[in-house]
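User: I would like to learn how to read a helical model, feature by feature. Where do we start?

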Amino acid sequence: MKLEEYLDKWIRGESGEVTMYLAAAMIAEESGLVEVAEALKTIAMEEAIHGARAIVHAGKISDLRKFIEMRIEAEKKAAEERHEEAKHHDEPWKTLFEYTARDEERHAKILEGMLKKIQ
């Protein structure tokens, strides 16, 4: 396998692990297993850092400003899509889509603030 192919596979794998570990942490918290939840969150963050290091070493973010501009648009698009999706579903999905859409909107605003700092 070529390095670029392996890096893409590795980064996708780490990203998937992050969400699975965080989901397990949520379940642990709901079950009152606070210590287990915290350990799972730590593992999730470490997996995220593994993927991030691969991205940095591969030079996949060569221009921070352009990266943030792209992420602003992606966050806004995700929010729009989630709001639209919420219209087509009953609970609990409707609430989840709306809740996460608002997070995406907030992320875009945070990124817009950051962009002003690096101009």
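User: Which residues of helix 3 are buried?

Analyst: First, this is a predicted model. Buried here means under 20% relative accessible area. In helix 3 that picks out Ile68, Ile72, Glu75, Ala78, Ala79 and Ala86.

User: What do the buried residues of helix 3 pack against?

Analyst: Look for heavy atoms within 4.5 Å. The buried residues of helix 3 pack against helix 4. Now read it from the other side. Helix 3, residues 64-86, is included in what covers the buried residues of helix 4.

User: Which residues of helix 4 are buried?

Analyst: Phe97, Thr100, Ala101, Glu104, Ala108, Leu111 and Leu115 are buried there.

User: How do I read the packing of helix 3 and helix 4?

Analyst: Take the axis distance, then the angle. The two axes come within 8 Å and cross at roughly 160°. Angles over 145 degrees count as roughly antiparallel, so helix 3 is roughly antiparallel to helix 4. Then take the hand: helix 3 and helix 4 make a left-handed crossing. The residue classes at this contact are 11 nonpolar, 3 polar and 12 charged.

User: How do I check the span of a helix?

Analyst: Helix 3 has 23 residues and should span 33 Å; its end C-alpha atoms lie 32 Å apart, which agrees. Helix 4 covers residues 93-117, which is 25 residues. From first C-alpha to last, helix 4 reaches 36 Å, close to the expected 36 Å.

User: What joins Glu91 and Pro92?

Analyst: For a peptide bond, read omega. Between Glu91 and Pro92 the bond is cis, with omega about 5°. Pro92 sits in the loop between helix 3 and helix 4.

User: Now the other pair. At what angle do helix 1 and helix 2 pack?

Analyst: Helix 1 spans residues 3-30 and helix 2 spans residues 34-57. They pack at about 165°, with axes 8 Å apart. That angle makes helix 1 roughly antiparallel to helix 2. Helix 1 passes helix 2 in a left-handed crossing. By class, the residues of this contact are 17 nonpolar, 2 polar and 6 charged.

User: Which residues of helix 1 are buried?

Analyst: Leu7, Ile11, Glu14, Val18, Ala25 and Ala28 are the buried ones. The buried residues of helix 1 pack against helix 2.

User: Why does Ala25 count as buried?

Analyst: Compare its relative accessibility with the cut-off. Ala25 has 2% relative accessibility, so Ala25 counts as buried.

User: Which residues is Ala25 in contact with, leaving aside neighbours within four places in sequence?

Analyst: Ala25 is in contact with Ala37, Leu40 and Lys41.

User: How far apart in space are Ala25 and Glu5?

Analyst: Read sequence separation and spatial distance together. Ala25 and Glu5 are 20 residues apart in sequence and 30 Å apart, C-alpha to C-alpha. Ala25 itself lies in helix 1.

Notes
Residues numbered from 1 in each chain as written. Predicted model: local features only at pLDDT ≥ 70, side-chain atom pairs only at ≥ 80, totals over all residues. Heavy atoms only, no water. Axes fitted to C-alpha atoms, helices over the stretch in contact; angles between N-to-C directions. Helix = DSSP H or I, 4+ residues; strand = E, 2+ residues; numbered from the N terminus. Parallel < 35°, antiparallel > 145°, perpendicular 65-115°, else oblique. Left-handed = near helix turned anticlockwise from the far one by under 90°. Nonpolar A, V, L, I, M, F, W, Y, C, P; charged D, E, K, R; others polar. Expected span 1.5 Å × (residues − 1). Buried < 20%, exposed > 50% of the residue type's maximum accessible area, 1.4 Å probe, protein only.
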